Amino acid sequence: MADRPVLYPGPDHPITITPTEGRVVVTVAGKVVADTRAALTLQESTYPAVQYVPLADVDESLLEPTGTQSYCPYKGDANYYSIPAGGTKAVDAIWEYREPREAVAQIKDHVAFYPNRVDSIEITHQ
């Protein structure tokens, strides 16, 4: 798919990635799916900030890879996971850029969660 555009963050579309201060806990159906103090906050343009959690801090036994894929001209190809314990609400609830573009290379081996497809994404500042 060579016809897909490749774009770079800049003044018109900034992307910043910073360590998240505190602990991030993600729950679905009463289960802790992720618990980390090593999350990254990705702020892209005017979109809401997104927590990227190290895959090592995710209970992968609760995840099911799906065939869903999407493309972001700034970040690359995303793959998705569902959380079966969450039922239909948690289908494709998680995405991952396995080979992110160089500008966002820090999110490699991290996943992000759609807030409306999980029960909670809590950030506690301790």
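Colleagues, the structure is a predicted model, in which local features need pLDDT of at least 70 and side-chain atom pairs count only at pLDDT 80 or more, while totals for chains, interfaces and linings use all residues. Residues are numbered from 1 along each chain as its sequence is written, and side-chain values use heavy atoms, with hydrogens and water left out.

I begin with the sheet. Strands (E, at least two residues) are DSSP runs, as are helices (H or I, at least four residues), and both are numbered from the N terminus. Seven strands form an open sheet in the order β1-β4-β5-β9-β8-β7-β6, and the pairing is antiparallel. Two strands count as paired if DSSP finds at least two bridges between them. The edges are held by β1 (15-19) and β6 (64-72), each of which has a single partner strand, so one side of each is left without a neighbour in the sheet. From one strand to the next the twist averages 30°; the axes behind such angles are lines fitted to C-alpha atoms, for helices over the stretch in contact, and the angles run from 0 to 180 degrees between N-to-C directions. One of the pairings is that of β6 with β7, antiparallel over six bridges. Within it, Q69 has N79 of β7 as its bridge partner.

I turn now to the salt bridges. The term denotes a side-chain nitrogen of Lys or Arg within 4 Å of a carboxyl oxygen of Asp or Glu. How many salt bridges does a search of the whole structure find? There are six, and I shall describe some of them. For accessibility, buried means under 20% relative accessible area, exposed over 50%, and partly exposed in between, with a 1.4 Å probe and protein chains only.

D35 is partly exposed at 32% relative accessible area, and R23 is partly exposed at 28%.

Another salt bridge is formed by the side chains of K89 and D119, at 3.2 Å from N to O. Here, too, distant parts of the chain are linked: K89 belongs to the loop between β7 (76-82) and β8 (94-96), D119 to the loop between β9 (110-113) and β10 (120-124), and they are 30 residues apart. Both are partly exposed, K89 with a relative accessible area of 39% and D119 with 44%.

K108 and E99 also form a salt bridge, with 3.2 Å between the closest N and O atoms.

Next, T27, a residue of strand β2. Its side chain makes a polar contact with that of S120 at 2.6 Å. A polar contact is a pair of N or O atoms within 3.5 Å; within protein, one must be able to donate a hydrogen and the other to accept it, and residues adjacent in sequence count only if both atoms are side-chain atoms. Leaving aside residues up to four places away in sequence, T27 touches V32, V33, V118, D119 and S120, where contact means heavy atoms within 4.5 Å.

Finally, the backbone. Although not a glycine, A29 has a positive phi of about 50°. A29 lies in the loop between β2 and β3 and is partly exposed at 42%. D92, likewise not a glycine, has a positive phi near 50°. D92 sits in the loop between β7 and β8 and counts as buried, at 13% relative accessibility.
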